Amino acid sequence: MKTGILFGTLLILTAVMFFGCSDEMSATAPEAGSDEVLVEPVKRYTSGDVIFDAFQDSRGDLWFCTSNEGVFKYDGESFTQYTTENGLCSNDISQVVEDAQGQLWFATDKGICGFDESFSVLIPLPQQEINTKWLRDCYPVVNPNGVSSLFVDSTGVFWIGSNGAGAYRYDGESFESYLTEQCALMPDSLHHNVVSDIIQDHEGNIWFTSFSHGGVSRYDGSTFTHYDTTDGLGDDMIASAYVQRDGRIWFGTQDGGMSYVDGEGFQTVYRPEGECHNNMATLFEDSKGRLWMASYARSGVCWYENGEFTSLEIKNSDKLVDIKCIGEDRNGNIWFGGRYGILWRYDGSELKDFTQKG
């Protein structure tokens, strides 16, 4: 098992998130009798300030989920921010989904949050008391009680990916636990399965991805089938999953290109030399049928169409680094969000910076 690789990856992420806090400036009160004017604190975004998701709801509004600032709604003209001050359950939001009734549900570090701009309801996960020295020293960002991915099926059942305790099925009354040990054994001799994404294919199968060297799992309504690199996956650390309109199912890997389902196995597509990178962690299909992909921890955005990669190479495209999400608004503009709070819009000809300034 590749515990050493995960150890190194998580250690880097931990260092980035927890030692970057010194990048925030603070104001100092002037001395008595001084003419100095008190300056309000200016926030400088760090690597821990992330835009995780860009989701267009049934009304055409685009929602952006952040790690520290709640959610932002873009109606095509302006942004509206919602935080705990507006009734949101948490300001740490990793994903948003919409149910058949048009209710929005947010994946948060405290559980599932139902929010309609005027009230919220929190559904916490079954609480896990896991506290080992390895977690404290090397992976303190793990939170088995937090939600890392979320999907609501047509019957209203929630499928929940946790940040370290596998997956759950929630029918509105009770939780069922799955995939707790479908990952590598960590140095503390325990499993900490981070379920990074959940999707449903056109046949009704539910797919779960693991970012803890657990590969991919498919649930057909009665049984789970598990897949790893021996089945053709480019990597067993899977960051994202995506179903195109034509039904093709894709998986973005940590460092092994992107893989698609081919029968009972997978085919993996690697980028040619000089095009993007094989860390294809973020996937999105736009209204023109282009499959966009981007890397976090590396630079480069491109799309895949008709079996070929095309890099987005225009002014400011070098600023698209550490991209965590890609989305499209009602006007066909493509949005890119990522670490350091960056947010850019591509209108087909130019990139415009919408990063919130401190």
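Modeller: A disulfide is a pair of cysteine sulfur atoms within 2.5 Å. This is a predicted model, in which local features need pLDDT of at least 70 and side-chain atom pairs count only at pLDDT 80 or more, while totals for chains, interfaces and linings use all residues. Residues are numbered from 1 along each chain as its sequence is written, and side-chain values use heavy atoms, with hydrogens and water left out.

Colleague: How many disulfides does the structure hold, and which cysteines does a disulfide join?

Modeller: The structure holds 1 disulfide, and it joins Cys89 to Cys113 with an S to S distance of 2.3 Å. The torsion about the S-S bond of Cys89 and Cys113 is about 75 degrees, so the disulfide is right-handed. To place the two ends we need strands, which are DSSP runs (E, at least two residues), just as helices are runs of H or I with at least four residues, and both are numbered from the N terminus. Cys89 lies in the loop between strand E4 (79–82) and strand E5 (93–98), whereas Cys113 lies in strand E7 (residues 111–115), so that the pair links distant parts of the chain, 24 residues apart.

Colleague: Are Cys89 and Cys113 buried or exposed?

Modeller: A residue is called buried when its relative accessible area is under 20%, exposed when it is over 50%, and partly exposed in between, using a 1.4 Å probe and protein chains only. Both Cys89 and Cys113 are buried.

Colleague: How many aromatic pairs does the structure hold?

Modeller: Rings of Phe, Tyr and Trp (for Trp, its six-membered ring) pair if their centres lie within 6.5 Å; planes under 30 degrees apart count as stacked, over 60 as edge-to-face, and the rest as tilted. The structure holds 33 aromatic pairs. One of them is the edge-to-face pair of Phe251 and Phe266, at 5.8 Å centre to centre with 70 degrees between the planes. Phe251 lies in strand E18 (residues 249–253) and Phe266 in strand E20 (residues 265–269), so this pair ties together parts that are 15 residues apart in sequence. Phe251 is buried with a relative accessible area of 0%, and Phe266 is buried at 6%. For Tyr304 and Phe309, the ring centres are 4.8 Å apart and the planes stand at 55 degrees, so that pair is tilted. Tyr304 counts as buried at 16% relative accessibility, and Phe309 is buried at 12%. There is also an aromatic cluster formed by Phe64, Tyr74, Phe79, Trp335 and Phe354.

Colleague: Over which ring does the charged end of Arg248 sit?

Modeller: A charge sits over a ring if NZ of Lys or CZ of Arg is within 6 Å of the ring centre and within 35 degrees of the ring normal. The charged end of Arg248 sits over the ring of Tyr260, 4.1 Å from its centre, and Arg290 lies over the face of Trp303, at 5.0 Å from the ring centre.

Colleague: What is the phi of Asn316, and where does Asn316 lie?

Modeller: Most residues other than glycine have a negative phi, and most peptide bonds are trans. Asn316 is not a glycine, yet it has a positive phi of about 80 degrees, and it lies in the loop between strand E24 (308–311) and strand E25 (323–328). Asp322, also not a glycine, has a positive phi of about 60 degrees and lies in the loop between E24 and E25. Asp322 is buried, with a relative accessible area of 12%.
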